[in-house]
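Keep the structure open beside the text.

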Amino acid sequence: MIIYATKKTIETYKLKMPEEFIDPTVRSLVQSIIEKEQGNRLFEWGAKLFYFDGRKCLLLTNFASRMTLVMPGLEVSEIRYASEVVGGFLDYIYSDDKEISDLLKLYFAEQPYACYSRLTDKSVISSMNSYLRYYLWNGNRMYDYIWDNILHSKELNKKCNKEYPFGITVNGKKEYYFPAQKFAELLRERYYQ
């Protein structure tokens, strides 16, 4: 998994870019992940920092499906667990679908590590900005998912990916789909061929 981060995200979370690793073994591992997965949009995610109620939050968007996950309160020391958090959210989103749950095991077995690089894909940046602006209302919509003083981020992520369509322009025509449905289709394509 490659997580492409915005400049502010890189700075705030003190993310090491591939060329910054001193240990040649680690640098080689990171480079091999990037060479293997770069260009495979199913394994590429964009990351953008935003703030909710004064706390750091990370917004992750899958390049291929526009599956978008909100990771509230993710601290600098916890960023190394980002891929595990992604896995937890995806497991919850597809908890009612055994087929996709099984395919997610293959997905994470194929790419168990996450490495970071700089986000330059303007369409993904635009998607993340639109998500923050329209769905989260710059984070304020997250208050709708607070019950008993707890932010239910799993419910937020499930609802926004299963019940709110994402629009994308293809060949000049606007098409809409649900990100969770699209991600599931892409998993089936990858692992059933």
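Ser65 is buried, because its relative accessibility is 0%; buried means under 20% relative accessible area, exposed over 50%, and partly exposed in between, with a 1.4 Å probe and protein chains only. Ser65 sits in the loop between β3 and β4. Helices and strands here are DSSP runs, numbered from the N terminus: H or I of at least four residues for helices, E of at least two for strands. This is a predicted model, where local features need pLDDT of at least 70, side-chain atom pairs count only at pLDDT 80 or more, and totals for chains, interfaces and linings use all residues. Residues are numbered from 1 along each chain as its sequence is written, and side-chain values use heavy atoms, with hydrogens and water left out.

What does the side chain of Ser65 reach? It reaches the backbone nitrogen of Met67, at 3.1 Å. That is a polar contact: a pair of N or O atoms within 3.5 Å, where within protein one must be able to donate a hydrogen and the other to accept it, and residues adjacent in sequence count only if both atoms are side-chain atoms. Not counting residues up to four places away in sequence, Ser65 touches Tyr177, Pro179, Lys182, Phe183 and Leu186. Contact means heavy atoms within 4.5 Å. Arg66 is in the loop between β3 (55-62) and β4 (68-72). Its phi is near 65°, a positive value in a residue other than glycine. Arg66 counts as buried, at 5% relative accessibility.

Lys14 also has a positive phi, of about 55°, and is not a glycine. Lys14 lies in the loop between α1 (7-13) and α2 (24-37). At 64% relative accessibility, Lys14 counts as exposed.

Now turn to α4. This helix, residues 98-110, has 13 residues and reaches 19 Å from its first C-alpha to its last, close to the 18 Å expected at 1.5 Å a residue. The expected span is 1.5 Å times one less than the number of residues. Buried in α4 are Ile100, Ser101, Leu103, Leu104, Tyr107 and Phe108. Seen down the axis of α4, these buried residues fall within an arc of 160°, so they line one face of the helix. The arc is that of the directions from the helix axis to the C-beta atoms. Their cover includes β2 (44-52), β3, α3 (82-93) and α7 (179-191). The face turned away carries the exposed residues Lys98, Lys105 and Ala109. At the N-terminal end, Asp97 caps α4: a side-chain oxygen lies 3.2 Å from the backbone nitrogen of Glu99.

Next come the rings. The whole structure holds nine aromatic pairs. Rings of Phe, Tyr and Trp (its six-membered ring) pair if their centres lie within 6.5 Å; planes under 30 degrees apart count as stacked, over 60 as edge-to-face and the rest as tilted. Tyr107 and Phe183 form an edge-to-face pair, 5.6 Å centre to centre, with 80° between the planes. Tyr107 lies in α4 and Phe183 in α7, so the pair ties together parts that are 76 residues apart in sequence. Both Tyr107 and Phe183 are buried. The ring centres of Phe166 and Tyr177 are 6.1 Å apart and their planes are at 55°, so this pair is tilted. Phe166 is in strand β8 (residues 166-170) and Tyr177 in strand β9 (residues 173-177). Lys182 lies over the face of Tyr177, at 5.6 Å from the ring centre. A charge sits over a ring if NZ of Lys or CZ of Arg is within 6 Å of the ring centre and within 35 degrees of the ring normal.
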